[in-house]
Amino acid sequence: MQKIGVFVCHCGTNIAGTVDVKAVAEALGKEPGVVFSTEYQYMCSEAGQNLIKDAIKNYGLTGIVVCSCSPRMHEATFRKTAAAAGLNSYMVEIANIREQCSWIHKDVKVATEKAIVLGRTAIAKVALNTPLTASETPVVKRALVIGGGIAGIQTALDIADAGYEVDLVEKEPTIGGKMAQIDKTFPTLDCAACILTPKMVDCAQNEKIHIYAYSEVESVKGFVGNFNVTIKKKARFVDETKCTGCGICTEKCPMKKTPNLFNLGLDNRSAIYIPFAQAIPKIATIDADYCNMLKNGKCGVCSKVCAAGAIDYKQQDQYIEQQYGAIVVATGFNPIKLDNYSEFAYNESPDVVTSLELERLMNAAGPNGGTLLRPSDKTHPHTIVFVQCVGSRDTTDCGKPYCSKICCMYTAKHAMLIRDKYPDTEVYVFYMDVRTPGKNFDEFYRRAVEDYGVHYIKGMVGKVMPQPDGKLLVRGSDLLTDEQLKIEADMVVLAAAIEPDKTARPLATMLTASMDTNDFFTEAHPKLRPVESPTAGIFLSGVCQGPKDIPETVAQASAAAAKVIGLLAKPALKSNPCTAHSDENLCNGCSSCERVCPYGAISYVDKEFRMPDRTTKVRRVASVNPAVCQGCGACTVACPSGAMDLSGFSNKQIMAEVDAICR
Amino acid sequence: MTFSYYPGCTLKTKAKELDAYARRSAEALGITLAELPDWQCCGGVYNNTKDEIATKLSSVRALISAKEQGNKLVTLCSACHNVIKRTKNEIETNDDMAFRVSNYMQCDARKDSDTEVVHFFELLRDTVGFDELKKKVVNPLTGRKIAAYYGCLLLRPGKVLQFDNPENPKIMEDFIRALGATPVIYPMRNECCGGYIAIESSEAARKNSAAIYESAEGFGADCMITACPLCRYNLIKAESTVPVVYFTELLAEALGVK
């Protein structure tokens, strides 16, 4: 018989406000096996933990139940407390009477009753707990960073700086991401390329960093400390080891009408291309959708002009397998498609552009060499209207419900830069709210209004109407003066909402990392563990976790790196002892468990069994690799013969819990 | 194919040609429009007052009547289409409305008025098919530059009417192309003509309507088409410099039955 101690936490008024904690402690004290039951204001405090330790020693407790907050919050805390008092950590059960009880109920009587049931359930379980010992697994001293934008670059540099190997996987032919496309950065207005490209070069030159550009993560297996990843290196049709990046092929290629995606399709490039001058790695890539040689077998010009003999039309995708101790997701964002916003005439008029397109139009390496011209007729625009929150803070199902966070600042930047360079251009900004928290951010916005004379109008644009003369008639409302406005503009710039990159969702499935409804990766704790995924060994860097500007992205990137370094520095990791195991005498070899296991931890082996008639028989039975098993329990549910069981969550324990609830 | 047909009051008075050309065209396309017996006014304007039910019941009668005939219900006037379709939607989505309608009509509202409401444009697009229509055109309107004027009632509320993308519709342009003419795309094609504001402030309606035909004219239209008698009234009242005709007139012309 276990000697069980029960500890009911008030959590200040969080629990005690709705649950009669004294009554709970008293009722649970009468449960079979309970030899000690008490309540305390803050069980997680030092005094509270000492109370638990003393009780374990004084009463010789063999199991404890803490009725408190979610186990996600403090299970680890109380396991440590138990261990410090000499009790096996796995003899601790948490009854969540906060998130699942006090916070969601108002009626004290009902909440108290429910808290008692939850406590009783935990007691029933702990009565059947057995001490478990965690084994140790070694940590592979190598990190994988997925996404080569500023977030991935910074994380990779910081991890490499600590002396660990880092592989940086980028799906585009070059690293750099969105920051490489941006012209100037707020609030200091320094040129994005000038501060980004040295970091890109650092990545290339750092011998600890290996860049897999034009590559994607194909599959992820394993677990924290021992991930097994397959990387697909897409065929560039150019031998990376030979290409010198001279660019002659791009000049001679006759397929000049290929949309230049780096300039967001605002101009054209050749079918063989280097995305931009400072690309890393500076290696040409053939766009298979446009290359005449790859499509029709006719041309071959690039192959003829390449002095290095680097062109290889027969190149195939390559698959690379590598082990990693930790994985950092830095998959970034894209502006949303504007198909749901026909009222802004984005698809109808080339002079209606997104803010990212404006960055390219204003960039010296952009389609107009840095002179801002209307895309339709290449004339100088005299009136420009900016529309903020296009698809952001949108509670209809057209856009995104969240604030994209960066648009207020970059729109102020665009407005200011245009007024500075072209003082004869009138600039209007329609806004819902101007949100500029951040160091020197609000000062920046005020400069746009006060020093540069940008017309800020509180209100939304209802419609953009292309006129027969090529102008854009913008109809909107000014909410402060309660007037309907009509502005005849030459260009309209839409601050499109940002959304996570489309590759993030399938990647999250591969990593078994959770996401929110907007496809942003979920952090382990919104305040206290902001750069870790709830899945052990997966870390988050940049906008993949939520909208962020560059300074915040870089800060989070370094934070993620620090977490990775902390993990890789450990000689070994304690593995979770709550793993599945199969009773070979009951296993009928059906493979149900193998099929449902998301971690590939189950395999089948042929084993000899001694039969009652003293003969031996070979049977096919399931075998779990405890180092790979994550203890999700899918196999125990799938097993038709009841052979599969989970340590710490055995079928018997679960049934005892259900019984305790139904009693 | 036989469809129940709801013409509406205006088509019997001010907009007889909208009705007549539609009937002739339908015949030419092999479609039988069976006018509902004893139909009543649709209610005129969709009533947003929560407790107003009387005006909606006449739409319900049309729905029930078509259901009894076992037909889909074809409408022609934008306003009637809007009122009938929205009434049907309210019965579907609002329990209280369904309950009250059932009581007033002594029927099971959700079942008995569950009639598919099809606008004549939708009939052309989904039943005839624009490709098929194109084949049946005997006088292609080649060279004619025609501006489609949608107005609001066919398009909005978008989720209920489900007619086309309310911000950037294309069904009328596809119709114009099928007749062999060139559609003129202009930004005011889905803006309001002023509607019934004409009763209270003819100047407000005139301003709205003027902006519409000026926009169409600016983009080179030599003719505007509409499915709505009120839109046509407002545009003509505002002295439209572009002729405004019912779409069925062009259809009849192209099919050689004008």
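Start by colouring chain A by burial: 46% of its 663 residues are buried (20 or more other C-beta atoms, placed from the backbone, within 10 Å of a residue's own). What you are looking at is a predicted model, where local features need pLDDT of at least 70, side-chain atom pairs count only at pLDDT 80 or more, and totals for chains, interfaces and linings use all residues. To find your way, residues are numbered from 1 along each chain as its sequence is written, while chains are lettered from A and ligands numbered from 1 in the order in which they are written.

Now switch to a cartoon view of chain A. The C-alpha trace spans about 90 × 70 × 40 Å along its principal axes.

Select 4-126 for domain 1, 142-234 + 317-332 + 501-568 for domain 2, 248-305 for domain 3, 334-499 for domain 4 and 580-647 for domain 5; the bounds come from an automatic or database domain assignment. Look at domains 4 and 5 of chain A: their centres, taken over C-alpha atoms, are 61 Å apart.

Zoom in on Val492(A). Beyond neighbours within four places in sequence, Val492(A) is in contact with residues including Phe344(A), Asp351(A), Val385(A) and Leu472(A) (contact is C-beta atoms, placed from the backbone, within 7 Å).

Over to chain B: pick helix H6, residues 120-128. Its buried residues are Phe120(B), Phe121(B), Glu122(B), Leu123(B), Leu124(B) and Arg125(B). They pack against helices H1 (16-28), H7 (130-136) and H9 (171-178) and strands E3 (73-75) and E4 (117-119) of chain B. Just after H6(B), click Gly129(B), which takes a positive phi of about 90°.

Finally, show both chains. Seven residues from chain A and seven from chain B make the contact.

How values were computed
Buried ≥ 20, exposed ≤ 12 C-beta atoms within 10 Å, placed from the backbone. Contact = placed C-beta atoms within 7 Å. Helix = DSSP H or I, 4+ residues; strand = E, 2+ residues; numbered from the N terminus.
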